[in-house]
Amino acid sequence: MIIGYMRPAQEDTDCKLQEQKLTGLCARLVKEEHSSAKKRTVLHQLLEQLNKGDKIVVCKLFTLADSSRHLFELLEVLEQKGAYLQTLHEEIDMEQQKEYSLKKMVGHLVEFQNEIISERTKKGMEYAKKKGISTGRPRKADENVKRAIEMYQSKRYSLNEIKEATGISKSTLYRYLEN
């Protein structure tokens with residue numbers, strides 16, 4: 001049986017994009033209710049019910065696993081059960097027994113790790129936003145910026161003197177001048 005596994009992600013919180021890609025390819029679709037790495041009950045049930053020859057299809061490797069170690073453990077379970085994995089984005093199909101170049105495998109792993117970091121960063125920023133915490137580099141005080149720009153435009157001060165007087169670096173000053 002070919003089973004599509006979906007899990008919410010920042011770009012696809014309701015799994016609609018994943019569902020569109022998996023419908024028609026899979027005999028059955030299963031969906032995790034949350035994006036958390038913990039308590040993945042649907043995935044655990046799916047792994048327990050797998051039979052020899054079954055295939056799990058995911059849109060991205062990140063949908064299935066949350067870390068390289070987790071991915072390795074899942075691949076071991078699939079191997080023990082005689083089941084397969086197919087990822088649409090990475091174009092991996094374990095059933096086909098293709099040989100993959102080391103460069104391609106490492107490229108997939110790098111992309112996988114980047115997706116993990118990106119997803120966690122987005123979740124953290126969303127969490128901070130909900131708590132009213134601003135993200136990103138703190139802005140310089142407006143009066144310091146205004147003073148630095150006036151000093152620069154007067155042409156009487158060096159960039160070093162401006163920085164010492166206002167705390168505004170050369171690159172920050174130029175960035176404000178561009179705007």
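User: What makes β3 and strand β4 (residues 84–87) a pair, and in which sense do they run?
Analyst: The two strands share 4 bridges in the parallel sense, and DSSP has to find at least two bridges for a pair, so β3 and β4 qualify. One spot to look at is I56, which stands opposite L85 in β4. This is a predicted model, where local features need pLDDT of at least 70 and side-chain atom pairs 80 or more, while totals for chains, interfaces and linings use all residues. Residues are numbered from 1 along each chain as its sequence is written, and side-chain values use heavy atoms, leaving out hydrogens and water.

User: How do you know that β1 and β3 pair?
Analyst: By their 3 bridges, again in the parallel sense. I2 stands opposite K55 in β3, and G4 has V57 of β3 as its bridge partner.

User: Why are β2 (28–31) and β5 (92–93) called edge strands?
Analyst: β2 and β5 each pair on one side only. The 5 strands make an open sheet with mixed pairing, in the order β2-β1-β3-β4-β5.

User: What makes both faces of β3 count as covered?
Analyst: K55 and V57 on one side are buried, and so are I56 and V58 on the other; buried is under 20% relative accessible area, exposed over 50%, partly exposed in between (1.4 Å probe, protein chains only). In a regular strand, side chains alternate between the two faces of the sheet.

User: Is C15 buried or exposed, and how do you know that?
Analyst: C15 is buried, because its relative accessibility is 0%. C15 sits in the loop between β1 and α1 (16–22), with a positive phi of about 65° despite not being a glycine.

User: And K155: buried or exposed?
Analyst: Exposed, because K155 has a relative accessible area of 75%. K155 is also a non-glycine with a positive phi, about 60°, and lies in the loop between α6 (142–154) and α7 (159–166).

User: How are α2 and α4 oriented to each other, and why?
Analyst: Roughly parallel, since the angle between α2 (residues 41–49) and α4 (residues 68–81) is about 25°, and the label takes angles under 35 degrees, with 65 to 115 for roughly perpendicular, over 145 for roughly antiparallel and the rest oblique. Their axes are 10 Å apart. L43, L47 and E48 of α2 make the contact with H70, L74, V77, L78 and K81 of α4, and those residues split into 5 nonpolar, 1 polar and 2 charged.

User: How are α6 and α8 oriented to each other?
Analyst: Roughly perpendicular, because α6 and α8 (residues 170–178) cross at roughly 90°, with axes coming within 10 Å. V145, A148, I149, Y152 and Q153 in α6 meet L173, Y174, Y176 and L177 in α8. That contact has 8 nonpolar residues, 1 polar and no charged.

User: What makes up the largest nonpolar core?
Analyst: The largest nonpolar core has 21 residues, and such a core is a set of buried Ala, Val, Leu, Ile, Met, Phe, Trp, Tyr and Cys joined through side-chain atoms within 4.5 Å. Y5, L50 and I56 have the most contacts inside this core. Its largest share, 4 residues, comes from α2. L50 touches I3, I56, L78, K81 and A83, leaving aside residues up to four places away in sequence. Apart from this core lies another, of 7 residues, among them M151, I162, I168 and Y176.

How values were computed
Axes are lines fitted to C-alpha atoms, for helices over the stretch in contact, and angles run from 0 to 180 degrees between N-to-C directions. Contact means heavy atoms within 4.5 Å. Ala, Val, Leu, Ile, Met, Phe, Trp, Tyr, Cys and Pro count as nonpolar, Asp, Glu, Lys and Arg as charged, and the others, Gly among them, as polar.
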